[in-house]
Amino acid sequence: MDKVQRMAREHGVVIFSKSTCCLCYAVSILFQDLGVIPYVHEIDHDPEGKEMEKALMRMGRNALVPAVFIGGKLVGSTNEVMSLHLKGSLIQLIKPYMPN
């Protein structure tokens, strides 16, 4: 869990992903279209990936990926991110991580 939390704190917008996940890719593109380049960590390419999956599950993740963190806080998966975007709230959350 330490590695997940550390990565979430070190980067403004983090997506824990798997290389074969199309929803992970879609969420990443959404952030890019909104002006933020997320840090995407593909856990299936990480030797500690299984431990990271367990850590995400302990954080309450049902669907392991995408797991999106903004400002060090777990936002959720595709549904939560899209819901925030449709409500207009996502921009406010990512504004501190947009280039000036």
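The points below go through the salt bridges one at a time.

1. Please keep in mind that this is a predicted model. It holds 4 salt bridges, and I take up some of them here. As background, side chains of opposite charge can pair when their charged atoms come close.

2. Start with lysine 3 and aspartate 46, whose side chains form a salt bridge at 2.6 Å, N to O. Lysine 3 sits in helix H1 (residues 2–10) and aspartate 46 in the loop between strand S2 (39–42) and helix H3 (49–58), so this pair ties together parts that are 43 residues apart in sequence. Both residues are buried.

3. Lysine 3 also meets glutamate 48 in a salt bridge, with an N to O distance of 3.7 Å. Because glutamate 48 lies in the loop between S2 and H3 while lysine 3 belongs to helix H1, the pair links parts 45 residues apart in sequence. Glutamate 48 has 40% relative accessibility and therefore counts as partly exposed.

4. Next come glutamate 53 and lysine 18, joined by a salt bridge of 3.0 Å, N to O. Glutamate 53 is in helix H3 and lysine 18 is in the loop between strand S1 (13–17) and helix H2 (22–33), so parts 35 residues apart in sequence are tied together.

5. Finally, shared partners join Lys3, Asp46 and Glu48 into one salt-bridge network.

Key. Residues are numbered from 1 along each chain as its sequence is written. This is a predicted model: local features need pLDDT of at least 70, side-chain atom pairs count only at pLDDT 80 or more; totals for chains, interfaces and linings use all residues. Side-chain values use heavy atoms; hydrogens and water are left out. Helices (H or I, at least four residues) and strands (E, at least two) are DSSP runs, numbered from the N terminus. Buried means under 20% relative accessible area, exposed over 50%, partly exposed in between (1.4 Å probe, protein chains only).
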